[in-house]
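User: I'm new to protein structures and I'd like to learn how to read one. Could you walk me through this one, feature by feature?

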Amino acid sequence: MPIRRTVFLGLLAAVVLPQAIAQSSPAVSSLTTGTKLVVVDVVVTDAKQKPVHNLTASDFSVFENGAPERIKSFEEHSANTTKAEPPLNLPPGTFTNYTSVPAGAALNILLLDTLNTPLTDQTYVHNQIRLFLKNSPPNAPLAIFGLGSRLWLLQPFTADPRLLRAAIEAKSLKNSPLLESVEDGNGSGSLSEQMRQVGDDDLLQNQIVQRVKQFEADHSSAVSQLRARYTLEALNQIARYLGGMPGKKNLIWFSGSFPINVLPDSSLLGPYTDPFAPVAGSSDIFRQTTRLLAQSQVAVYPIGAGGLSTSSVYSVEESGDQYDTRTHSIDTFANNVSHASMQNADNNITMQQMAEQTGGHAFINTNGLADAVTQSIAVGSNYYTLTYSPTDAVSDGKFRKIQLKLRRDGFTMAYRRGYYADAPASTPDPVVAARTAPSLTAGTPVTFTALKPAPPVVDAMHHAMIFGSPVSTQITLKVMVVPAAKEPEQTLVPSNYAIPSANISGPYRRYDIAIAADPSAIEFTPTADGGRHVNLQFRTYVYSRDGKLMNTSSRVREEDFTAALYNRALHTGLFFHQQISVPLKGEFYLRIDVHDVTADHDGAVEVPVDSVKNLPVLAAPLSTQPLGRRSKEPSEESGAQSGEQTH
């Protein structure tokens, strides 16, 4: 039985009603901490771009910053050896972020980018995907995302061509409000150009034109940065959604333009340079997204949505009065052609860098988009995974270059080219770490309850708490939600924080929320006294049907465990209980999240309140039961599954 499913089945029995508690003895946990483990997926192809099979660990050598490293584990993955997991059956009121996917298989994701793609190119992409689904339907699960001003999960993983076609048909085509004509190289319609053409050589006139031109440049830069920010946030959410699923992920990304590379420019690593310079004010989310994509084993396969096309400056529609030399500068046409060529070259370079640095492949200037999808899935689903623990274990935040060498000639390798050795998000104070942890009765689950409420803030949990966004799977959760009171109440639960602008009022229905989190997905850091430190945040948000935030319950728990209490937590699990008030009238949704501050990992679920409001009211509060643990102790060679810190 796959490890992920074993963990989930333990979670399945972890949160139950008092009368339905089953007796079981938890197995020994295999969680280890503090050891860095670098996971590298590599696709090996021959001269005909066909996957190469049956290589061994002895065929590879791995180097980090030029220093040789010892390969700890090695495994080959083939698209022909995958088996789908059986479907899950959950009782009423029970929800999870666990996603059934084939064990050991590469996962393929289509990203339809309407934010950065002109409308005409969107139509072409849709037609090509329909062609792909008709001629070469996937024999493994495929997920489809749509990117506009926000990210949408159009279809969770499925191999059913009917569901995939329905998702494509349901995706509406829209003009992006952040795409300007200048993106196609046509700047002749700008206000500054028109002023220059109708004006004279007066000095004041020229100064005004220059100021307008500067304003236009600033505006264009701001729009580009906004597109980049939206794009990075979408990639951030995709990485969190895929984080708890094993194996390599192939992100097949259709876009008319790529506003920014998804990884830092590793060539800018000098004392006076900044590898995050291209992202301007988005460097915070840029670095975070970079790390999450690497941790989630995402390889990007960018595909130019425009196919084999030329700049709009050559079209009939653009060759009229604006290029008439009697009224316009003779340089206008040449300047626009030059601008379009430079922009196209930059876009191609971005695609190539994006693919190379993540282990994917870029498809540039091709009309065979359907064939590009088929090729991406075929090649990306046959790969090798190797791991190593770097000899330089210092978390200094610097970029570490990864280099693989193959002892056989004539083959090409695609793999990610490095990572940033970032330190954990927070480090416990040595004085705080030496404090004595509270004592618990033997066998009692570690449950977080008595915590002070706090208003919601924009922080690391922001992306995981967006209403309707894909749920994060980095921490496997199982949640039970049931009514907590028979009669409506006129006041909120004291621990709740209502959003002032929502102006909500009673009557309310109070709900009990019991959360079981997989401890093997939580990062415990060593303390000075030999114990462990954990820093968790728990949140439940109430959203209206239109996505307006109404009410919240937010908790922070930073705890120092003695060695004995830490071992008990691993054996009995981590549990949390919350209560939330929901207005009695209206349609509402609960967004529930557990955030590991140290690892910057999330586990989230979204619950329609209508699905639980008619469940029986409990006579007693929800009870929890120890999590079932993994069935066997992994060997050193399986460290990638043992909870080690990965990059």
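This is a predicted model: local features need pLDDT of at least 70, side-chain atom pairs count only at pLDDT 80 or more; totals for chains, interfaces and linings use all residues.

Analyst: Happy to. Let's begin with N65, which is partly exposed, with a relative accessible area of 47%.

User: Why does N65 count as partly exposed?

Analyst: The label goes by relative accessible area: under 20% is buried, over 50% is exposed, and partly exposed is in between. N65 has 47%, so it is partly exposed. As for its place, N65 is in the loop between β3 and β4 (67–69).

User: What is there to say about the phi of N65?

Analyst: For N65, phi is near 50°, a positive value in a residue other than glycine. N54 has a positive phi too, near 65°, and is likewise not a glycine. You'll find N54 in the loop between β2 (36–45) and β3 (60–64). With a relative accessible area of 61%, N54 is exposed.

User: Let's zoom out. How many helices and strands does the chain have?

Analyst: The chain has 10 helices and 27 strands. It has 647 residues, and buried ones make up 52% of them.

User: What share of the contacts joins residues at least 24 apart?

Analyst: Start with contacts between residues at least 6 apart in sequence: 81% of those join residues at least 24 apart. For a case of two residues separated in sequence, take D409 and D46: they are 363 residues apart along the chain, while their C-alpha atoms are 9.5 Å apart in space. D409 lies in the loop between β13 and β14 (412–414), and at 74% relative accessible area it is exposed.

User: Now a residue at the other end of the scale. Is N236 buried or exposed?

Analyst: Its relative accessibility is 0%, so N236 counts as buried. N236 sits in helix α5. Leaving out residues up to four places away in sequence, N236 touches I285, Q288, T289, L292 and H463.

User: How do I describe two helices side by side, say α2 and α3? At roughly what angle do their axes cross?

Analyst: You compare the directions of the two axes. Helix α2 (residues 119–135) and helix α3 (residues 161–170) have axes that come within 10 Å and cross at roughly 170°. Angles over 145 degrees count as roughly antiparallel, and therefore α2 and α3 are roughly antiparallel to each other.

User: Which residues meet there?

Analyst: On the α2 side it's H126, I129, R130 and L133; on the α3 side, L164, R165, I168 and E169. Sorted by class, this contact has four nonpolar, one polar and three charged residues.

User: Next up, aromatic rings. How many aromatic pairs are there?

Analyst: Rings of Phe, Tyr and Trp pair if their centres lie within 6.5 Å, and by this rule the count comes to 12. After the distance, you look at the angle between the planes. F157 and Y241 have ring centres 6.4 Å apart and planes at 10°, so this pair is stacked. F157 is buried at 13% relative accessibility, and Y241 is buried at 3%.

User: What about F399 and Y420: which kind of pair do they form?

Analyst: That one is edge-to-face, with 5.1 Å from centre to centre and 65° between the planes. F399 in strand β13 (residues 399–406) and Y420 in strand β15 (residues 418–420) are 21 residues apart. F399 is buried at 15% relative accessibility, and so is Y420 at 10%. Ring pairs can also join up: F467, Y541, Y543 and Y589 are linked into a cluster.

User: Which charge sits over the ring of W152?

Analyst: The charged end of R150, 4.0 Å from the ring centre. R417 lies over the face of Y415 too, at 4.1 Å from the ring centre.

User: One last stop, the peptide bond from G506 to P507. Is it cis or trans?

Analyst: It's cis, with omega near 5°. P507 is in the loop between β18 (497–498) and β19 (508–517).

Terms used:
Residues are numbered from 1 along each chain as its sequence is written. Side-chain values use heavy atoms; hydrogens and water are left out. Axes are lines fitted to C-alpha atoms, for helices over the stretch in contact, and angles run from 0 to 180 degrees between N-to-C directions. Helices (H or I, at least four residues) and strands (E, at least two) are DSSP runs, numbered from the N terminus. Angles under 35 degrees count as roughly parallel, over 145 as roughly antiparallel, 65 to 115 as roughly perpendicular and the rest as oblique. Contact means heavy atoms within 4.5 Å. Ala, Val, Leu, Ile, Met, Phe, Trp, Tyr, Cys and Pro count as nonpolar, Asp, Glu, Lys and Arg as charged, and the others, Gly among them, as polar. Rings of Phe, Tyr and Trp (its six-membered ring) pair if their centres lie within 6.5 Å; planes under 30 degrees apart count as stacked, over 60 as edge-to-face and the rest as tilted. Buried means under 20% relative accessible area, exposed over 50%, partly exposed in between (1.4 Å probe, protein chains only). A charge sits over a ring if NZ of Lys or CZ of Arg is within 6 Å of the ring centre and within 35 degrees of the ring normal.
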